[in-house]
Amino acid sequence: MYIQTINPKVNAVFDTCERIWINANLATFDAAVQASYGALAAQAIGVRDGCIAAIAPMSAFDASAVSAEIIDARGGWMTPGLVDAHTHLVFAGSRAQEFEQRLKGASYEEIARNGGGIISTVRATRSATVAELVRLSEPRLQALMREGVTSVEIKSGYGLSLEDELKMLRAARRLGERNAVRVSTSLLAAHALPPEFADNADGYIDLICNEIIPAAVAEGLVDAVDVFCESIAFSPAQCERVFKAAQQHGLGIRAHVEQLSNLHGAALAARYGAWSVDHLEWLDEEGVQAMAASGTVATLLPGAFYFLRDTRVPPIDLLRQHGVGMAVATDLNPGSSPLASIRLAMNMACTLFRLTPEEALAGCTRFGARGLGLEGKVGELKVGMQADMVLWDIDHPAELAYQFGVNLVRERILAGEVHNV
């Protein structure tokens, strides 16, 4: 039997590490690793200064030659920390009664006329303080963290005024400061038309571009802008104005598009170099081609598809055919996806959209990171990346999409430190 000998150079690198996991099976999602899941069996992985510093087969590693703390993974699987790339988890109020009303036959329009819908969440969110929003939102965030999430996107969009949009973003930043998780923020002021601008959508877009975006940037509250490009929300021309303002301020671009109709918002966002476009049930091949050309990620949100009992599936085969990366996210929100489970979102992506378990997990790691503009930083197990990782009690990575409701996290690791919730 061939046995690889110990490599002194490998151990010299490991000896500079602060912490080393041994006997780990890695699902790296590194494109350079040709195996399914980017799998590497029986590995040692070392971290230094919060980053992955060394990965090597156990056959090339000598534990007696290093002084670092050593943790035995005992044959468990380690993946990149999970990325939830689309959430609205900061909000106040509940829409549970609307859920009940819809099941009894009430239409969305009837509920809205009676004071429900998104405006009910806006009223509750406007009435809450930053501290109250943090208190209400933290359990939702920690539910995601318990399932292995180490990076999460949080949107505004239930304030719809300068003061209240900034308040939501401040709450999102504070959640990141209070919890061992990376928070990426998106300004979604172009989510719905506030009552005070009921007959003046262009005037509200003026407010977003000329006041809200500059104020959010000045306070360091925002990483990207987002828009809802739909006939019930904002037109492509109005969304384009937001994209231009975002570019002027150095922000990333994201967009809710093609959920209810095809306004060609995906192609528009792709022309502006969008990090991701999300929902996509009505996406056509022209939009897919534009996304492929720009490297824009398709963020799939099966929770909303499920909760709204939709029947039109995003064009998964077209996305595969053109090589468009597919992220999977919860879309955690009070109205259409009250889902605080990334692993249930993965399962839904497989059962409802027919992704493979490998595609679903890639969507919550490598492509989720790309959709947040974090490619090269998180989402892969690779030397030089942030050491955001999860050690799981599983026999195969497919289990993460196959089963939900059972906690399989053994260790949740952020920047090389274990932070279980």
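This is a predicted model: local features need pLDDT of at least 70, side-chain atom pairs count only at pLDDT 80 or more; totals for chains, interfaces and linings use all residues.
Which strands does helix 7 (residues 201-218) lie across?

1. Residues are numbered from 1 along each chain as its sequence is written, and side-chain values use heavy atoms, with hydrogens and water left out.

2. Domains: the chain splits into domain 1 (8-80 + 380-419) and domain 2 (82-372), with bounds from an automatic or database domain assignment. Their centres, taken over C-alpha atoms, are 31 Å apart. Across the boundary, 28 residues of domain 1 are in contact with 23 residues of domain 2 (contact means heavy atoms within 4.5 Å).

3. The sheet: 8 strands in the order 6-7-8-9-10-11-12-13 make an open sheet with parallel pairing. Strand 6 (82-84) and strand 13 (326-328) each have a single partner strand, so one side of each has no neighbour in the sheet. On average, neighbouring strands are turned by 25 degrees against each other, direction ignored. Strand 9 (residues 224-229) and strand 10 (residues 252-257) pair over 4 bridges, and Val-225 stands opposite Ile-253 in strand 10. Helix 7 lies across strand 8 (182-190) and strand 9, running at about 145 degrees to strand 8. Here helices (H or I, at least four residues) and strands (E, at least two) are DSSP runs numbered from the N terminus, pairing needs at least two DSSP bridges, and angles run from 0 to 180 degrees between N-to-C directions of axes fitted to C-alpha atoms, for helices over the stretch in contact.

4. The largest pocket: it holds about 1100 Å³ of space. Of its 35 lining residues, Arg-95, Tyr-108, Ile-232, Leu-308 and Ser-336 are the closest to its centre. By class, the lining has 18 nonpolar, 12 polar and 5 charged residues (Ala, Val, Leu, Ile, Met, Phe, Trp, Tyr, Cys and Pro count as nonpolar, Asp, Glu, Lys and Arg as charged, the others, Gly among them, as polar). A pocket is an open set of points on a 1 Å grid over the protein atoms alone, where a 1.4 Å probe fits, with protein on both sides within 12 Å along at least five of seven lines; lining residues have an atom within 4 Å of a point. Volume is the space filled by probe spheres set on the points, which are joined across faces, edges and corners.

5. The second largest pocket: its volume is about 180 Å³. Both domains give residues to its lining, so this pocket lies between them.
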